[in-house]
Amino acid sequence: MAAVPKTSNDKRWHDIYPELGTDPIPIEPYTSHEYFEKERALIFRKAWLNVGRVEQIPNPGDYFVRDLAVCKTSILIVRGKDGTIRAFHNMCAHRGNKLAADTSGSCKGLFTCKFHGLMDRCGTSQTKPVSSISTNKPSA
Ligand code: FES
């Protein structure tokens, strides 16, 4: 067995932080579905998530999609005609079908739902803004 590393003052870490104990590390955080659901609700639904870079969508109408499994959603990030970058749920307002099936592209003015043909002006009028994700209270 490898020797436990010591600190610069020649003490073992558990001498300095006895509250951490010396028991084996629990495996529940890595295997428990309930633990993961708590992390999803209390961390990932509240924290800023890096989904891309502005350079990915340099021109008005450019977009990319990120499927965020940890948030159980697909996000559509679009540079609008005014140059502002906005993020929306990638779903039509009718039944939640994906508006953009591609991972990236350039919107020619409208996103069209492939199912019933409901249209949305490049993610501005009918899609749900992503900001609403962070305001949703996680179900405990
Ligand atoms: S499911 Fe998208 S328009 Fe009906």
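Guide: Two strands pair if DSSP finds at least two bridges between them. Helices (H or I, at least four residues) and strands (E, at least two) are DSSP runs, numbered from the N terminus. This is a predicted model, in which local features need pLDDT of at least 70 and side-chain atom pairs count only at pLDDT 80 or more, while totals for chains, interfaces and linings use all residues. Residues are numbered from 1 along each chain as its sequence is written, and side-chain values use heavy atoms, with hydrogens and water left out.

Visitor: How many helices and strands are there in the protein, and in what order do the elements run?

Guide: The protein has four helices and six strands. Read from the N terminus, the order is α-α-α-β-β-β-β-β-β-α.

Visitor: Which strands pair with strand β1?

Guide: Strand β2 (residues 73-79) pairs with β1 in the antiparallel sense over six bridges. One of the residue pairs is F64 with its bridge partner I77 in β2. The two strands form a hairpin with four residues between them, and K72 in the turn has a positive phi of about 55 degrees. Strand β4 (residues 104-106) is also antiparallel to β1, joined by three bridges. Here Y63 has G105 as its bridge partner in β4.

Visitor: Is strand β1 largely enclosed or exposed?

Guide: The general idea is relative accessible area: buried means under 20%, exposed over 50%, and partly exposed in between (1.4 Å probe, protein chains only). In strand β1 (residues 62-68), five of the seven residues are buried, so the strand is largely enclosed by the rest of the structure. For the protein, 26% of the 140 residues count as buried.

Visitor: What are the distance and angle for Y63 and F111?

Guide: Their ring centres are 5.0 Å apart and their planes lie at 75 degrees, so the pair is edge-to-face. Y63 belongs to strand β1 and F111 to strand β5 (residues 111-112), so the pair ties together parts that are 48 residues apart in sequence. Both Y63 and F111 are buried.

Visitor: How many salt bridges does the structure hold, and which residues form them?

Guide: A salt bridge is a side-chain nitrogen of Lys or Arg within 4 Å of a carboxyl oxygen of Asp or Glu. The structure holds five. Among them is E37 with R40, whose closest N and O atoms are 3.3 Å apart. These residues are three apart in helix α3 (residues 33-44), which separates them by about one helical turn. E37 is partly exposed at 25% relative accessible area, whereas R40 is buried at 9%. Another joins R86 to D82, with the closest N and O atoms 2.8 Å apart; R86 is partly exposed at 30%. Salt bridges that share partners also join E37, R40 and K72 into one network.

Terms used
Rings of Phe, Tyr and Trp (its six-membered ring) pair if their centres lie within 6.5 Å; planes under 30 degrees apart count as stacked, over 60 as edge-to-face and the rest as tilted.
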